[in-house]
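Subject: Structure handover

Hello,

I am passing on the structure we talked about. Please have a look at it first, and then read the notes under it.

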Amino acid sequence: MRQNCRQKTKLGHFTAPVLILQIRKDFSMSQKLMLVKYELEGDIPVDESSENLRSAHAPDELIDWAAENELLSEIKIKESAGEVADIPVSIINDSEDRCLESILQYVESTLIRCIEDAYSHISGSLLISKELDNNFEVLHLWLEVRKVIKEKKEEYCNNCNIKLVVG
Amino acid sequence: MSKNSEKGRKGELAVTSILSNIGVHEPRIEVIRANTTTTPENGVDIALKCPHNLSSKLDEIVSTGKSDIALANSQIDVRVQVKNYQRPISKAVAQGFVDDISKNQHFAEHWGVGGTRLTKGAQEVLAKASEVAPVKWYTAPDFVKIQAQYPAVPFTDINCDDGQKS
């Protein structure tokens with residue numbers, strides 16, 4: 001009997017995680033934007049040689065936007081040197097300068113929107129601290145994304161060894 | 001092809017559902033969320049409170065198809081990160097998962113779920129991380145084996161004692 005009661009209590013929790021996941025959908029960010037250095041073999045990156053230089057959690061909003069604007073590409077890399085290139089990897093397309101420029105502009109407009117959102121939670125000397133905490137967390141996240149993209153654009157723009165990987 | 005956000009949402013819901021099903025069959029398993037707000041989650045898709053030897057049992061199911069390991073009374077907190085990919089987990093992705101361990105030190109174990117398999121580079125990254133923290137990765141085929149051991153119980157039968165494994 002006691003066992004059954006415990007099961008009923010547990011089953012009361014059963015649907016809760018599902019509901020919460022739906023509420024936070026817009027802020028889901030299981031993926032990262034990573035600046036990854038590869039050794040190349042015949043221009044093809046080798047997975048085993050990779051080294052993550054910098055990363056940030058990538059909001060789904062950013063990845064969806066990049067995909068819709070054809071700034072996201074899938075390349076195939078080699079698992080190890082000497083092997084066939086058969087490991088698909090998603091990267092931010094860096095074959096043209098405008099790609100990085102476009103995505104940086106999108107991130108910067110989003111940052112400005114985040115600042116405006118934060119400002120909207122200030123009324124005179126009154127701060128709505130809970131909302132501000134959330135605004136600042138989101139602002140921080142997009143700032144970190146901007147750092148990753150800026151580093152690729154400004155330091156490794158024409159460097160084929162260093163890719164902006166989404167994953 | 002579904003949007004990235006849609007794939008992520010589906011993957012997290014599917015894994016939540018399977019873990020919840022395990023909780024219907026086995027005692028002392030709670031599927032909880034570390035964040036209930038809209039703040040960044042620092043690599044925590046799902047948080048589990050479960051017996052400390054649950055991963056040993058799941059490992060045995062993955063390798064042999066079944067397990068008779070009795071679950072312990074003591075519980076631990078587990079961070080679960082889901083990658084809903086129909087491709088191998090690369091070294092860079094595995095490293096990204098491992099990098100989040102330092103931000104989540106209150107979790108006793110860190111589990112990655114998804115991908116068709118781990119590349120050699122990804123396996124090396126996870127093996128090295130295991131020297132400092134308990135790290136597991138269950139690929140999609142691994143999770144299918146686990147799912148097969150814990151089928152969904154019809155809602156009308158969930159209070160039956162025979163709906164629970166010994």
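This is a predicted model: local features need pLDDT of at least 70, side-chain atom pairs count only at pLDDT 80 or more; totals for chains, interfaces and linings use all residues.

Chain A

The secondary structure of chain A consists of 5 helices and 7 strands. Read from the N terminus, its elements follow the order α-α-β-β-α-β-β-α-β-β-α-β. Chain A has 167 residues, and 33% of them count as buried. Among its contacts with a separation of 6 or more, 65% are between residues 24 or more positions apart.

Helix α5 of chain A covers residues 129-155. Its 27 residues should span 39 Å at 1.5 Å a residue, and the end C-alpha atoms are 38 Å apart, which agrees. The buried residues of α5(A) are A:Asn135, A:Val138, A:Leu141, A:Trp142, A:Val145, A:Val148, A:Ile149 and A:Lys152. As background, residues three or four places apart in an α-helix point the same way, because there are 3.6 residues a turn. What do the buried residues of α5(A) pack against? They pack against β1 (32-41), β2 (44-57), α3 (60-68), α4 (97-119) and β7 (162-166) of chain A.

One loop residue of chain A can be described in some detail. A:Gln31 sits in the loop between α2 (16-23) and β1 of chain A. Is A:Gln31 buried or exposed? A:Gln31 has 25 C-beta neighbours inside 10 Å, so it counts as buried; the cut-off for buried is 20 or more. Setting aside residues up to four places away in sequence, A:Gln31 touches A:Ala58, A:Ile63, A:Val166 and A:Gly167. A:Asp60 is 29 residues from A:Gln31 along the chain, and their C-alpha atoms are separated by 7.8 Å.

Chain B

In chain B, 5 strands form an open sheet with mixed pairing, in the order β1-β2-β3-β4-β5. Its edge strands, each pairing on one side only, are β1 (30-32) and β5 (135-138) of chain B. From one strand to the next, the twist averages 25°.

Going through the sheet, strands β2 (residues 46-51) and β3 (residues 75-83) of chain B run antiparallel and are joined by 6 bridges. Here B:Ala47 stands opposite B:Arg79. β3(B) and β4(B) also pair over 6 bridges, in the parallel sense, with B:Lys83 opposite B:Gly114. β4(B) and β5(B) run parallel and are joined by 4 bridges; B:His110 has B:Val135 as its bridge partner in β5(B).

Two helices of chain B link strands of the sheet. Helix α3 (residues 91-99) of chain B makes a right-handed β-α-β unit with β3(B) and β4(B). The chain then crosses from β4(B) through helix α4 (residues 120-129) of chain B to β5(B), in a β-α-β crossover that is right-handed.

Helix α2 (residues 54-64) of chain B lies across β2, β4 (109-114) and β5 of chain B, at about 35° to β5(B). How many of the 6 residues of β4(B) are buried? The number is 5, so β4(B) is largely enclosed by the rest of the structure.

The core

The largest nonpolar core has 65 residues. Those with the most contacts inside the core are A:Val145, B:Leu48, B:Val80 and B:Ala94. Its largest share, 6 residues, comes from α5(A). Apart from neighbours within four places in sequence, B:Val80 is in contact with B:Val15, B:Asp45, B:Ile46, B:Ala47, B:Leu48, B:Trp111 and B:Val113.

Regards

Technical notes: Residues are numbered from 1 along each chain as its sequence is written. Chains are lettered from A and ligands numbered from 1 in the order in which they are written. Two strands pair if DSSP finds at least two bridges between them. Axes are lines fitted to C-alpha atoms, for helices over the stretch in contact, and angles run from 0 to 180 degrees between N-to-C directions. Two residues are in contact if their C-beta atoms, placed from the backbone, lie within 7 Å. A residue is buried if 20 or more other C-beta atoms lie within 10 Å of its own, exposed if 12 or fewer, and partly exposed in between; C-beta atoms are placed from the backbone. A crossover is right-handed if, with the strands pointing away from the viewer, the path from the first strand over the helix to the second runs clockwise. The expected span of a helix is 1.5 Å times one less than its number of residues. A nonpolar core is a set of buried Ala, Val, Leu, Ile, Met, Phe, Trp, Tyr and Cys residues joined through C-beta atoms within 7 Å.
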